[in-house]
There are 4 protein chains.
Amino acid sequence: MPRPSNTAERRAQIIEGLLNVIAEGGYEGATIASIAKSAGLGSGLVHYHFANKQAILLALVERIVGLIEARYAHRLGAAGEDPSARLRAYIDAHLALGDDAEPRAVAAWVVVGAEALRQPEVGVVYRAAVARRVATVEALAGEILRARVGHGRGAKEAAAGIVAAIEGAYQLAAAAPDAMPRGRAARVVERMALGLLDGVAA
Amino acid sequence: MPRPSNTAERRAQIIEGLLNVIAEGGYEGATIASIAKSAGLGSGLVHYHFANKQAILLALVERIVGLIEARYAHRLGAAGEDPSARLRAYIDAHLALGDDAEPRAVAAWVVVGAEALRQPEVGVVYRAAVARRVATVEALAGEILRARVGHGRGAKEAAAGIVAAIEGAYQLAAAAPDAMPRGRAARVVERMALGLLDGVAA
Amino acid sequence: MPRPSNTAERRAQIIEGLLNVIAEGGYEGATIASIAKSAGLGSGLVHYHFANKQAILLALVERIVGLIEARYAHRLGAAGEDPSARLRAYIDAHLALGDDAEPRAVAAWVVVGAEALRQPEVGVVYRAAVARRVATVEALAGEILRARVGHGRGAKEAAAGIVAAIEGAYQLAAAAPDAMPRGRAARVVERMALGLLDGVAA
Amino acid sequence: MPRPSNTAERRAQIIEGLLNVIAEGGYEGATIASIAKSAGLGSGLVHYHFANKQAILLALVERIVGLIEARYAHRLGAAGEDPSARLRAYIDAHLALGDDAEPRAVAAWVVVGAEALRQPEVGVVYRAAVARRVATVEALAGEILRARVGHGRGAKEAAAGIVAAIEGAYQLAAAAPDAMPRGRAARVVERMALGLLDGVAA
DNA sequence: CATGAATGAGAATTCATTCAT
DNA sequence: CATGAATGAATTCTCATTCAT
């Protein structure tokens with residue numbers, strides 16, 4: 001009777017290790033040895049579970065995206081059917097502080113965004129993640145616009161703007177936390193989003 | 001009769017070299033050898049003019065900041081005294097395409113933002129640059145708000161939001177260019193900015 | 001089942017490699033590559049077992065000190081309780097030729113003495129080693145003096161003189177071997193030591 | 001009328017520069033740039049006056065040797081014809097503190113002794129200097145011994161011992177100054193020397 | 001004579017990846 | 001599955017020496 005595989009658990013540990021080290025040292029500081037150490041594993045084991053270092057980063061991207069989508073799903077329940085409330089929930093899921101806040105994930109995401117410039121495979125998953133975000137926001141924006149002016153024109157570029165504001169808020173939170181008054185990011189981005197839609201609708 | 005010093009020129013060449021390689025390969029990809037090659041210089045000379053690799057990056061930050069501030073100064077003339085026009089000019093200077101567009105600088109800036117997480121000295125100059133941007137925008141936002149509602153409350157956090165939107169637009173432009181319809185970023189951010197100020201003023 | 005650790009053995013090999021190359025080429029000539037080659041190892045492995053080159057040198061200092069102290073301990077048995085005999089045994093342990101002679105260690109020690117000027121950490125362990133030598137000789141000299149004149153005044157500076165003579169004999173042996181008739185160093189230093197104590201006692 | 005050559009002066013400046021930097025940083029720390037800076041000259045000029053770095057070191061050896069021989073010559077006058085007084089004057093010239101003390105030269109000499117192991121050409125001049133010292137002391141010791149026992153047997157090895165003690169005292173002064181009570185080195189070595197000759201004569 | 005820019009050959013160090021056990 | 005030793009290529013940085021002016 002072979003021992004039950006613990007691969008899934010080990011992979012999760014390793015991804016968590018990368019998240020931790022990337023949050024403080026960036027991707028350059030994330031050596032296999034430091035990841036392994038942070039995960040409490042031997043360094044050889046990392047390569048047993050992942051073909052190479054990049055593979056861990058790709059898994060981390062998935063992990064972060066999943067984390068945030070879960071937050072959104074969780075908030076959706078309280079938001080009800082109103083598209084504006086849903087858009088606020090969406091922004092909140094990305095930016096609000098709270099018990100489920102993940103400052104490490106924010107820093108890691110900023111790093112992922114920079115690595116996307118460098119590693120084509122990371123670029124692919126990063127762009128896919130961004131595209132999904134834009135699509136989600138576009139759907140919400142489209143609903144809001146159609147309710148107001150009967151058509152959804154401009155929803156796509158509004159969505160891009162809103163996602164940009166979210167990404168920029170991450171960037172500031174991670175690298176220049178003094179720039180944005182603490183805990184206000186979600187509110188400010190919500191106002192920008194709604195103000196933008198007002199402008200588009202006008 | 002010594003050879004006339006060309007230090008300033010060489011330093012500029014090297015900074016330009018870093019800008020070029022960073023724009024495609026990120027900071028990790030920017031090896032001294034690649035910088036030197038891109039600048040058409042020997043690798044030893046790079047260290048003759050800069051103490052280390054980080055010093056080049058710091059100089060690059062200055063360079064990029066100066067580039068954009070010059071664009072803003074240039075657009076200010078056409079904007080006249082109206083604060084809203086000036087805010088649009090500000091956003092335009094950062095995001096508009098045109099003859100003076102610098103896609104390489106955009107990518108490099110994103111990389112700088114990630115390196116700011118890793119290298120404390122880079123963090124310092126990055127935060128200083130962001131702080132200046134926020135202060136500039138805050139002044140404009142304050143003027144606009146005062147003209148409308150007689151006070152400037154909320155200008156600071158509005159400014160942070162606007163700067164975040166700009167930074168996020170850079171991020172998307174560099175790493176996920178398909179997300180934002182080409183050439184629309186300035187327009188979208190302007191609308192977000194003005195919509196945000198409407199909201200704050202309300 | 002992990003490979004059994006051979007760290008201690010590897011470290012010893014590397015220290016031995018440094019001893020070998022330092023004996024001929026000095027510390028400057030001792031490159032990591034040459035140390036690794038002399039030890040029959042890959043260069044990366046050297047840094048796997050030692051944080052940096054200096055750490056190997058510090059370990060080498062310990063190694064040499066231990067070597068000589070072991071020679072002294074070994075000779076102590078034959079010397080019996082007589083302090084003069086013990087002092088001779090001490091000098092012998094440092095300077096006598098014989099099966100346990102270590103010409104490489106002598107040359108390396110001279111190099112260590114010069115590196116002590118340059119690398120603060122090396123200076124620390126070098127001074128500690130010298131201080132222990134002086135203390136040991138001082139104890140012996142004190143016994144001899146007290147037996148003769150009832151007090152041990154002057155033992156400390158006599159000990160310093162004796163240690164200086166030993167260090168100088170190393171220096172000549174390593175760098176100007178023709179200056180001292182071969183195999184006579186121990187005898188000459190013993191005579192200097194005893195003559196010095198005669199003078200101090202007078 | 002060509003301008004008068006200042007080569008001799010420049011060479012002296014450069015040698016002085018090497019002496020200064022070697023006294024603090026050892027030979028490794030002595031870069032051409034640092035030597036030039038310490039001499040107040042441009043780095044290119046160093047190579048105009050010396051073929052290479054080693055040539056400066058060789059000149060420095062001469063310089064230090066000359067310095068000490070001058071001190072000896074100066075003290076010889078006061079010592080008169082008595083060989084014991086002359087031997088004391090010799091040791092004094094090498095080790096006594098005073099207005100003409102040269103702590104930098106002491107440190108530099110220790111470095112030279114270590115470089116002698118590494119650079120064959122340095123070894124040659126170092127050994128020549130040591131041989132001259134031994135020969136001088138041997139002559140004095142021979143005189144002393146002949147006056148006492150009618151022959152000079154053992155003078156050579158006694159001289160080597162005395163020179164060793166001097167070299168060792170340099171080593172301690174430079175690298176472990178706490179080992180020898182300050183200002184006592186000359187006295188201690190004189191006692192060792194005279195005690196040694198007593199022993200040889202016995 | 002003098003300057004300091006320029007070169008290029010190393011040197012130390014890092015680290016992903018492999019592999020013996 | 002697991003460990004951590006081992007490898008070797010890549011990278012930053014140093015520095016003697018050369019050379020244009």
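The side chains of Arg184(B) and Glu157(A) meet in a salt bridge, with N and O 2.9 Å apart (a side-chain nitrogen of Lys or Arg within 4 Å of a carboxyl oxygen of Asp or Glu). Arg184(B) sits in the loop between helix H8 (155-175) and helix H9 (185-201) of chain B, while Glu157(A) belongs to helix H8 (residues 155-175) of chain A, so this pair joins two chains. Helices here (H or I, at least four residues) and strands (E, at least two) are DSSP runs, numbered from the N terminus.

A word on conventions: this is a predicted model, in which local features need pLDDT of at least 70 and side-chain atom pairs count only at pLDDT 80 or more, whereas totals for chains, interfaces and linings use all residues. Residues are numbered from 1 along each chain as its sequence is written, chains are lettered from A and ligands numbered from 1 in the order in which they are written, and side-chain values use heavy atoms, leaving out hydrogens and water.

**Chains B and A**

- In this interface, 47 residues of chain B are in contact with 47 residues of chain A (contact means heavy atoms within 4.5 Å).
- About 3,900 Å² is buried between chain B and chain A, and carbon and sulfur atoms give 67% of that; buried area is the accessible area (1.4 Å probe) that two parts lose on being put together, summed over both.
- On the chain B side, Glu28(B), Leu117(B) and Glu157(B) lose the most area to chain A, together 18% of what that side buries.
- Two salt bridges are counted between chain B and chain A, and one of them pairs Glu157(B) with Arg184(A) at 2.9 Å, N to O.

**Chains D and C**

- Here, 47 residues from chain D meet 47 residues from chain C.
- Chain D and chain C bury about 3,800 Å² between them, with 66% from carbon and sulfur atoms.
- Glu28(D), Leu117(D) and Glu157(D) supply 18% of the area that chain D buries against chain C, more than any other three residues.
- The salt-bridge count between chain D and chain C is two, including Glu157(C) with Arg184(D), whose closest N and O atoms are 2.8 Å apart.
- Over all chains, the structure holds 36 salt bridges.

- Helix H6 (residues 103-118) of chain C packs on helix H1 (residues 7-29) of chain D at an angle of about 120°, with the axes 7 Å apart; axes are lines fitted to C-alpha atoms, for helices over the stretch in contact, and angles run from 0 to 180 degrees between N-to-C directions.
- That angle makes H6(C) oblique to H1(D) (under 35 degrees is roughly parallel, over 145 roughly antiparallel, 65 to 115 roughly perpendicular and the rest oblique).
- Glu115(C), Leu117(C) and Arg118(C) of H6(C) make the contact with Glu24(D), Gly25(D), Gly26(D), Glu28(D) and Gly29(D) of H1(D).
- By class, this contact of H6(C) with H1(D) has one nonpolar, three polar and four charged residues (Ala, Val, Leu, Ile, Met, Phe, Trp, Tyr, Cys and Pro count as nonpolar, Asp, Glu, Lys and Arg as charged, and the others, Gly among them, as polar).

**Inside chain A**

- Chain A has nine helices and zero strands.
- Helix H4 (residues 53-79) and helix H6 (residues 103-118) of chain A have axes that come within 11 Å and cross at roughly 130°.
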